Amino acid sequence: MKFLFDQNQVFMKTYGNIKVAIADDHEIFRDGLRAMLQKQPDILMVAEAANGKDLIEQVKLQQPDIVISDVKMPVMDGAAATRHLTEHYPHIGIIALTMFDEEDLIIDMLEAGARGYLLKNADKNEIVEAIKSVYQQQPYYCRHTSNKLAQMVAKSKFNPYKQKQKPEFYEREIDIIADICNGLTSKQIAEKIFLSVRTVEGLRLKIMEKMEVKNTAGIIIYAIKNNLYKPGNI
C-alpha cells in the first residue's frame with residue numbers, strides 16, 4: 001500500500017486500487033453497483049455477498065479496504081455483520097446502504113462501527129466520493145441527509161471526532177454554522193448578515209475544510225458533536 005507524507009506530518013493513504021466488497025440481498029442491485037464500480041480506474045471490486053454471514057466469509061478471504069453493506073439482509077443483518085467486522089477487521093471502512101426512511105437502522109449501523117452511509121438512490125459520483133472519504137478514514141454522510149437525521153446521528157454514540165485535533169473557528173464562522181444547522185440557505189444567511197451569497201459560500205467551504213466534511217449533514221453532525229451548536233428537540 002502506498003502512503004503520502006503531508007505538511008501536517010500525517011501519513012495519508014493515496015488512491016490506488018481500493019478493494020471493495022458489497023453486500024445486498026437483491027441481486028439486481030448488486031449487479032448495478034458492480035457494473036458501476038468496475039468502470040472506476042482506482043476501485044477494484046473483490047467480493048459480493050447476499051447476507052451478513054456471507055459477507056464475513058468474503059471479507060476473511062478477500063481482505064477488502066471498504067465494505068458497502070445493506071442494512072436489512074436475511075440470515076445476518078448489516079448491523080450484526082458490521083459489529084463482527086469492526087471487532088475483527090477494524091482497519092476496514094464500512095459504508096451502510098439504506099432506504100430514505102430507515103433512520104433508526106442508520107444509527108444502528110453507525111453505532112456498530114460503520115464510518116458512513118448512503119441512500120440507495122445515491123448517484124455514481126457520490127458513491128465514489130463516499131468510498132474515497134471512508135478509505136481516507138473520514139466519515140461520510142449522504143448528501144440527502146435530513147436535518148432530523150443529522151441531529152439523530154450527532155446525538156448517537158457514533159463519534160469519529162474523538163482523536164482529531166480541533167480547529168479554531170472565528171465568531172462569524174460559528175454564527176454561520178448555527179444558521180446552517182438551523183436549516184438556512186446560503187442566500188438566507190447572506191441576507192441576514194449583509195454579505196454576498198458568494199462570500200457566504202466561500203465561508204461555508206472554509207468551514208467544511210476545517211471540519212474535514214463534504215456537505216451540510218457533515219457540518220451539522222460535526223457542530224453538535226463538538227459543541228459548536230446546541231440543537232433543540234427533534
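This is a predicted model: local features need pLDDT of at least 70, side-chain atom pairs count only at pLDDT 80 or more; totals for chains, interfaces and linings use all residues.
**Entry 1: the buried side of H1.** I began by looking up which residues of H1 are buried, and found Arg30, Leu33, Met36 and Leu37. They span an arc of only 130° around the axis, so they sit on the same side of H1.

**Entry 2: H1 against H5.** I then checked how H1 (residues 27–37) meets H5 (residues 124–135): their axes come within 11 Å and cross at roughly 75°. Angles of 65 to 115 degrees count as roughly perpendicular, and H1 and H5 are therefore roughly perpendicular to each other. From H1, the contact uses Leu33, Met36 and Leu37; from H5, it uses Lys124, Ile127, Val128 and Ile131. I noted six nonpolar residues, no polar ones and one charged in this contact.

**Entry 3: a look at S5.** Five of the five residues in S5 are buried. Ile66, Ile68 and Asp70 lie on one side, Val67 and Ser69 on the other, and both faces are covered. I looked up the neighbours next. S3 pairs with S5 in the parallel sense over four bridges, with Ala21 opposite Val67. S6 also pairs with S5 in the parallel sense, over five bridges, and there Gly93 is the bridge partner of Ile66.

Terms used. Residues are numbered from 1 along each chain as its sequence is written. Side-chain values use heavy atoms; hydrogens and water are left out. Axes are lines fitted to C-alpha atoms, for helices over the stretch in contact, and angles run from 0 to 180 degrees between N-to-C directions. Helices (H or I, at least four residues) and strands (E, at least two) are DSSP runs, numbered from the N terminus. Angles under 35 degrees count as roughly parallel, over 145 as roughly antiparallel, 65 to 115 as roughly perpendicular and the rest as oblique. Contact means heavy atoms within 4.5 Å. Ala, Val, Leu, Ile, Met, Phe, Trp, Tyr, Cys and Pro count as nonpolar, Asp, Glu, Lys and Arg as charged, and the others, Gly among them, as polar. Buried means under 20% relative accessible area, exposed over 50%, partly exposed in between (1.4 Å probe, protein chains only). The arc is that of the directions from the helix axis to the C-beta atoms. Two strands pair if DSSP finds at least two bridges between them.
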